[in-house]
Amino acid sequence: MNEKQIIKALSKVNDPDLKKDLVSLNMIKNISIDNNVVSFEIVLTTPACPLKEQIKKDCLNELNKINNNLKYNITFSSNVVPFDKKTMIKNIKNIIAISSGKGGVGKSTIASNLAVGLSIMGAKTGLIDADIFGPSIPTMFNCENEQPTIKKTKEKNIIIPIEQYGIKLLSMGLLIPNNKAVVWRGPMASSAMKQLILDVEWGELDYLIVDLPPGTSDIHITLSQSFPVTGTVIITTPQKVSTNDAEKAISMYNQEQTNIPIIGLIENMSYFIDDNNKKNYLFGKDGGKTLCNKFSIDFIGQIPIDKRISDGSDLGYPIILKENKISNIFKTLSQNIARKIAINNSK
Ligand SMILES: Nc1ncnc2c1ncn2[C@@H]1O[C@H](COP(=O)(O)OP(=O)(O)OP(=O)(O)O)[C@@H](O)[C@H]1O
Ligand SMILES: [Mg+2]
């Protein structure tokens with residue numbers, strides 16, 4: 001078998017999401033043929049791609065059609081697609097906002113687990129706690145007592161983010177003394193938001209997750225008007241008081257002044273699994289799904305109510321770092337979000 005034959009075979013394999021073949025998409029690299037072993041690399045659009053095994057199977061299927069006496073050594077790497085190469089800020093390929101209408105629905109919990117999840121899968125990930133008035137990320141990452149280093153340069157002071165569990169993170173909570181209520185006017189909050197992106201040494205990031213305060217604020221307006229935001233993931237719980245507020249958030253993102261694409265919606269605290277393994281829908285069933293249907297928004301998934309989730313947040317060790325059914329739910333959600341972004345950015 002020669003390189004030409006390999007390329008011909010692989011040009012019959014489609015990326016299931018991008019609906020084009022791997023060769024046209026420039027996803028095949030480093031082909032080598034050594035005795036009976038054919039090796040090549042597939043460059044994915046996100047390391048969190050859930051379709052690796054399927055792509056590998058499809059490649060082997062086509063290659064074996066030509067020669068099934070050879071060994072095929074397929075490896076994966078990734079090159080995350082940026083939202084917009086032209087307007088990209090620093091080296092941040094994607095900014096993802098986590099938002100909700102109502103407070104306390106699990107934004108910070110989901111933002112933390114999502115950030116760690118993407119990093120576990122191999123993505124360079126950062127996390128900003130933009131909830132200036134009630135930051136919780138420092139607690140969720142067990143770094144309340146750490147102070148980010150400040151690097152003084154001629155032009156301005158540069159903040160070096162804290163590193164924890166494989167991600168770079170920064171919060172207003174780390175820049176202001178503990179328990180000091182922040183009484184800030186809107187413009188100060190806006191300028192703090194800008195500073196958290198522009199005056200920080202983030203390095204190269206595939207994803208920067210921004211944990212937003214609930215509802216609408218100057219911070220939302222600043223983010224949408226000053227930065228190219230890939231999209232937002234909206235969090236709601238199933239009950240009406242939460243979905244009503246989520247509707248308001250959705251209409252805000254659809255307005256010109258605060259326009260941010262909606263990646264999808266996650267329904268948190270969807271059900272509780274009792275000792276008999278029965279799902280109990282404490283806050284009603286499918287409130288999130290119904291909202292998605294109403295506004296033609298993608299439904300990303302559900303998260304149950306589970307004490308291990310809140311314990312993880314309180315102890316400063318996100319549940320996704322453990323191996324259990326709940327952490328698998330968060331891993332699947334992280335993959336689904338990365339996948340949707342890759343599809344949207346490749347269009
Ligand atoms: N699925 C869940 N199961 C159990 N507890 C949860 C779950 N999701 C969130 N919690 C807990 O609910 C509380 C609120 O969650 P969190 O702080 O993430 O919400 P939030 O939307 O960020 O709130 P705020 O609007 O105040 O920023 C936390 O104590 C968290 O640990
Ligand atoms: Mg929060």
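Biologist: Buried means under 20% relative accessible area, exposed means over 50%, and partly exposed lies in between. With that in hand, which exposed residues sit on the face of α1 turned away from its buried side?

Modeller: K4 and K8 are the exposed ones there. Keep in mind that this is a predicted model.

Biologist: Which residues of helix α1 are buried, then?

Modeller: I6, A9 and L10 are buried in α1, which runs over residues 3-10. Looking down the axis of α1, these buried residues fall within an arc of 95°, so they line one face of the helix.

Biologist: Why do residues three or four places apart in an α-helix point the same way?

Modeller: An α-helix has 3.6 residues a turn, so residues with that spacing point the same way.

Biologist: What covers the buried residues of α1?

Modeller: The cover includes two strands, β3 (28-34) and β4 (37-44). Helix α2 (52-66) is also part of that cover.

Biologist: And what does N2 do at the start of α1?

Modeller: A side-chain oxygen of N2 comes to within 3.1 Å of the backbone nitrogen of K4.

Biologist: New topic, the ligand. Which of the 19 residues around ligand 1 come nearest?

Modeller: G104, K107, S108, T109 and P304 do.

Biologist: How far is the polar side-chain atom of T109 from an oxygen atom of ligand 1?

Modeller: The distance is 2.5 Å. D131 also has a side-chain N or O atom 3.1 Å from an oxygen atom of ligand 1. For N268, a polar side-chain atom lies 2.9 Å from a nitrogen atom of the ligand.

Biologist: How much of the accessible area of ligand 1 does the protein cover?

Modeller: The protein covers 78% of the 630 Å² that ligand 1 has on its own.

Biologist: What classes of residue make up the shell around ligand 1?

Modeller: Eight are nonpolar, eight are polar and three are charged.

Biologist: Which helices each supply at least two residues of that shell around ligand 1?

Modeller: α3 (107-120) and α10 (307-315).

Biologist: Let's stay with α10. Which of its residues are buried?

Modeller: I309, G312 and S313. These residues cover an arc of only 95° around the axis, which puts them on the same side of α10. K307, D314 and L315 are exposed on the other side.

Biologist: What covers the buried residues of α10?

Modeller: The cover includes α3, α4 (137-140) and α11 (325-346).

Biologist: How is the N-terminal end of α10 capped?

Modeller: D306 caps that end. A side-chain oxygen of D306 lies 2.9 Å from the backbone nitrogen of R308. Just after α10, G316 has a positive phi of about 75°.

Biologist: Where is I209 found?

Modeller: I209 is in strand β12, residues 207-211. I209 is buried, because its relative accessible area is 0%.

Biologist: What does I209 touch, not counting residues up to four places away in sequence?

Modeller: Its contacts include I96, I98, A111 and L114. L127 and I128 are also among them.

Biologist: What about helix α7, which residues are buried there?

Modeller: I219, H220, T222, L223 and S224 are buried in α7, residues 218-226. Their cover includes β6 (95-99), α6 (186-198), β12 and α8 (240-254). At the start of α7, a side-chain oxygen of S217 reaches to within 3.1 Å of the backbone nitrogen of I219.

Biologist: Last topic, backbone angles. What is the phi of K90, which is not a glycine?

Modeller: K90 has a positive phi of about 50°. K90 sits in the loop between β5 (71-78) and β6. At a relative accessible area of 39%, K90 is partly exposed.

Biologist: And where is S296 found?

Modeller: S296 is in the loop between α9 (287-295) and β17 (299-302). Its phi is near 50°, a positive value in a residue other than glycine. S296 is exposed, because its relative accessible area is 69%.

Notes
Residues numbered from 1 in each chain as written. Chains lettered and ligands numbered in written order. Predicted model: local features only at pLDDT ≥ 70, side-chain atom pairs only at ≥ 80, totals over all residues. Heavy atoms only, no water. Near = heavy atom within 4 Å. Polar contact = N/O pair within 3.5 Å; in protein donor to acceptor, adjacent residues only side chain to side chain. Areas by Shrake-Rupley, 256 points an atom, 1.4 Å probe, with all protein chains shown as cover. Helix = DSSP H or I, 4+ residues; strand = E, 2+ residues; numbered from the N terminus. Nonpolar A, V, L, I, M, F, W, Y, C, P; charged D, E, K, R; others polar. Buried < 20%, exposed > 50% of the residue type's maximum accessible area, 1.4 Å probe, protein only. Arc of directions from axis to C-beta. Contact = heavy atoms within 4.5 Å.
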